[in-house]
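Here is a short briefing for a first look. Keep the sequence and the 3D view open as you read.

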Amino acid sequence: ASVTVRSSSHDYEVLIGKGLRRNLGEVISSGYTSILVITDSTVQDYYLQDVQESLAEAAPVFSAVVPAGESSKSMGRYEDLLDRCVELKLDRNSLIIALGGGMIGDLAGFVASTYLRGIDYIQMPTTILAHDSSVGGKVAINHPKGKNLIGSFYHPVKVIYDMETIETLPESEIRSGYGEVIKHAFLSDAEWAHRLLKGKLSELSVDQLENDLMRGIQVKASIVEKDEREAGIRKYLNLGHTLAHAIEAELGYGEITHGEAVAVGLLLMMKLSNDLKGAELPLQDYKEWLIRNHYPISVLNRIHPEQMVEKMKLDKKTLRQKINFVLLHELSDPYVVEIEENQLVEHMSLLMNEVS
Ligand code: NAD
Ligand code: ZN
């Protein structure tokens with residue numbers, strides 16, 4: 001299956017299928033002078049060889065491997081990778097392939113966007129979460145003072161999603177990825193959301209997964225096509241993220257995965273939508289889904305509402321100290337609204353009591 005994403009620079013295709021990594025020669029355009037596959041140490045062991053072999057006819061293929069984990073999205077690794085590009089004499093007709101999850105996609109994409117003022121790159125997502133990060137053209141590395149502070153908008157020439165690679169993902173990463181999948185469902189389609197809420201991640205079939213990822217990509221693509229640089233509706237994609245970023249910053253990255261934090265953030269989003277704004281979102285069903293799938297909602301007992309509010313004010317997307325939230329009038333109907341600090345503290349405390 002495939003989806004076409006339109007961007008201001010070019011249109012690109014997202015291919016989803018089983019075993020695509022073994023047939024890259026057929027889906028990558030010819031004419032590249034050389035190819036550099038950038039991956040992490042975990043993904044390397046599983047899939048690098050397949051990818052290199054299937055590209056062998058296309059062009060000379062090189063690889064660069066960084067340690068797995070968010071800490072590789074750093075200035076140091078970025079510099080190492082640029083050194084490698086120079087050493088290998090990659091030129092304007094070289095291609096970078098980002099083989100891995102969102103960390104690799106963001107890092108390799110940022111290298112591609114800046115080396116020689118930009119060379120082609122392909123996203124080969126290997127996590128569920130990366131259905132989100134591989135589309136939309138945001139690439140970045142972290143600064144010690146904050147996540148994704150150094151980056152650019154730079155779209156891949158293709159996204160190649162081999163569903164077989166998802167099979168080796170640990171349970172916590174499946175959970176993380178579904179935090180963003182359910183966000184995409186909440187933003188777009190009540191029926192899809194209700195279907196997800198009835199299910200259990202451990203019983204997911206590969207076909208269901210493929211279908212969910214395809215739909216998630218369609219939602220993301222249709223929003224970023226209308227608002228590439230986040231002047232308006234792209235903000236809706238931050239549903240659940242205001243609290244998620246604060247939790248991640250408070251607990252330290254690595255304590256909780258991004259998607260798990262988003263899933264917890266969506267719970268507060270529902271609470272605020274219902275209690276402050278009169279929506280009737282399925283809060284109870286959602287809470288049960290989180291528990292059934294072992295999301296770490298107990299983190300809510302380890303945070304302090306006042307501190308969370310301070311963190312939210314530091315978030316780079318928070319303008320002039322106002323805390324803006326994306327809420328839902330109903331499933332599939334998002335809006336942005338400013339929430340008063342005291343109301344936020346109060347509803348976070350209420351939510352904490354409900355889950356403890
Ligand atoms: P990740 O890339 O760090 O992958 C998570 C873990 O899974 C890593 O340890 C990795 O080695 C391992 N892994 C990856 N694929 C695997 C596989 N097939 N089998 C077994 N293990 C595998 O993290 P992620 O959750 O994919 O992405 C998170 C990153 O994405 C963050 O840096 C976040 O900022 C970024 N992000 C970017 C955007 C965007 O629009 N650019 C959107 C959302 C998130
Ligand atoms: Zn996210």
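**A covered strand and a nonpolar core**

Strand E9, residues 158–162, is mostly covered, with five of its five residues buried. The model is predicted.

**Faces of strand E9**
- Lys158, Ile160 and Asp162 point one way from E9.
- Val159 and Tyr161 point the other way.
- Residues on both faces of E9 are buried.
- In a regular strand, side chains alternate between the two faces of the sheet.

**Partners of strand E9**
- Strand E2, residues 11–17, pairs with E9 in the parallel sense. Five bridges join E2 and E9.
- Within the E2 and E9 pairing, glycine 17 stands opposite aspartate 162.
- Strand E6, residues 120–125, also pairs with E9 in the parallel sense, over two bridges.
- Glutamine 123 has valine 159 in E9 as its bridge partner.

**The largest nonpolar core**
- This core has 100 residues.
- Ile38, Ile96, Ile97, Leu99 and Val111 have the most contacts inside the core.
- Helix H10, residues 258–275, gives the most to this core, with ten residues.
- Domain 1 (2–168) and domain 2 (171–355) each supply at least three residues to this core.
- In soluble globular proteins, nonpolar side chains tend to be buried together.

**Around isoleucine 38**
- Leaving aside residues up to four places away in sequence, isoleucine 38 touches Ala64, Leu81, Ile96, Ile97, Ala98, Leu99, Ile104, Ala108 and Val111.

Technical notes: Residues numbered from 1 in each chain as written. Chains lettered and ligands numbered in written order. Predicted model: local features only at pLDDT ≥ 70, side-chain atom pairs only at ≥ 80, totals over all residues. Buried ≥ 20, exposed ≤ 12 C-beta atoms within 10 Å, placed from the backbone. Helix = DSSP H or I, 4+ residues; strand = E, 2+ residues; numbered from the N terminus. Pairing = 2+ DSSP bridges. Core = buried A, V, L, I, M, F, W, Y, C linked by C-beta atoms within 7 Å. Domains from an automatic or database assignment. Contact = placed C-beta atoms within 7 Å.
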